[in-house]
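Hi,

Here is the structure I promised to pass on.

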Amino acid sequence: MPISSRRLLATAVGLGLLATGCSLVPHDTTHSTDPVVLGFINGGTTLFHTCLQTAVTETTSNNLAKVLTADSNGSKAAELRNVKDMIARKVDAIILLSVDASALDADIAAARKAKVPISLIAVTPADDSEILGAVISDLPGIGKLDAQWVDEDTAGKSATAVVISGDGSTSSNLMVGGFTKNLADNVRVVGNERGMFDRATAKAAAARLIQAHPDIQYAFVANEDMAFGARAAFDAAGAHSVKIVTVNGTDQGLAALKNGKFAATVSNSVQDLGALAVTHTLGLLRKEEKDKIAHIDARLVTKANADTAPLYCDTNG
């Protein structure tokens, strides 16, 4: 089967991460000949989490290391148990996607006590001296990119917008704040409801918002799955003109840009996030990487540049 141009682009990006993050010859800090063993603790089972684990697993294998995986299923208590289990299994380092930033203190304390390095995905503590490193997306920057698109589209005219956020987590709040705080003064946010990162919940939220504010022109929706629910609710209410700006850059989301269901999205490649989490952690363990914090670039995507958007999730791996 021919490989798509977007998949080739993603492969090139992945190879670039490997080349810049660390070498392919494994060695741990004790110079053992055994492969490095990473413990990856996931936070849930959504498409994002599934794609992240695939990227982590594949990149670890490509770097001749090993990985043990666990899933906290949204539970802070389960997350701490998973951290302690990885310690008991004598991993060389833990890579953690936390279910909530409020769980980090206990996780980091347990790893520090056991002298097991811990790297984080998506968030960093206020004091990063106790972690090995972190890979993060610029979450406020993601919201800001969507806000800038709305500002440009209004051309200075008065407009109203609503927000359908995620689940109230730190990540969701940072994205929403990036959107609302960067809107121009001519754009007024008249409603804000949680969609819980669930399409049906977001659809119900959008239905309430359009009923309460029938003249809204824009909607910021914190991921594309919820955005499909919002689009269905707006269309059912006859509000076909509401322009949706959202986040992710999935294949389905890019198709929605092309057919006009969405106006803009922000590419936030989980494929790149998972790959960089591994290469950055290995680079820090091997002392080949000096910067603790690595960043994944976000990019505004519209119908005009949808064909060149980074691959969100490598489902063909």
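Is R89 buried or partly exposed? With a relative accessible area of 43%, R89 is partly exposed (buried means under 20% relative accessible area, exposed over 50%, partly exposed in between, with a 1.4 Å probe and protein chains only).

Before you read on: this is a predicted model, so local features need pLDDT of at least 70 and side-chain atom pairs count only at pLDDT 80 or more, while totals for chains, interfaces and linings use all residues. Residues are numbered from 1 along each chain as its sequence is written, and side-chain values use heavy atoms, with hydrogens and water left out.

The overall picture

The protein chain has 10 helices and 12 strands (DSSP runs numbered from the N terminus: H or I of at least four residues for helices, E of at least two for strands). It has 317 residues, and 51% of them are buried. Take the contacts with a separation of 6 or more: 73% of these join residues 24 or more positions apart (a contact means heavy atoms within 4.5 Å).

The largest pocket holds about 970 Å³ of space. Its lining counts 40 residues, and T46, F48, H49, F197 and N223 are the closest to its centre. Helix 2 (47-62), helix 6 (170-180), helix 8 (224-236) and strand 9 (243-248) each give two or more residues to that lining, and helix 6 has the largest share with 4 residues.

For the terms: on a 1 Å grid over the protein atoms alone, a pocket is an open set of points where a 1.4 Å probe fits, with protein on both sides within 12 Å along at least five of seven lines, and lining residues have an atom within 4 Å of a point. Points are joined across faces, edges and corners, and the volume is the space filled by probe spheres set on them.

Salt bridges

The count is 7 (a side-chain nitrogen of Lys or Arg within 4 Å of a carboxyl oxygen of Asp or Glu). Three of them to look up:

- R89 pairs with D85 at 3.5 Å, N to O; D85 is partly exposed too, at 34% relative accessibility.
- R208 meets E193 at 2.5 Å, N to O. R208 sits in helix 7 (residues 199-212) and E193 in strand 7 (residues 187-194), so the pair ties together parts 15 residues apart in sequence.
- R199 and D225 have their closest N and O atoms 2.8 Å apart. This pair links helix 7 to helix 8, 26 residues apart.

Cheers
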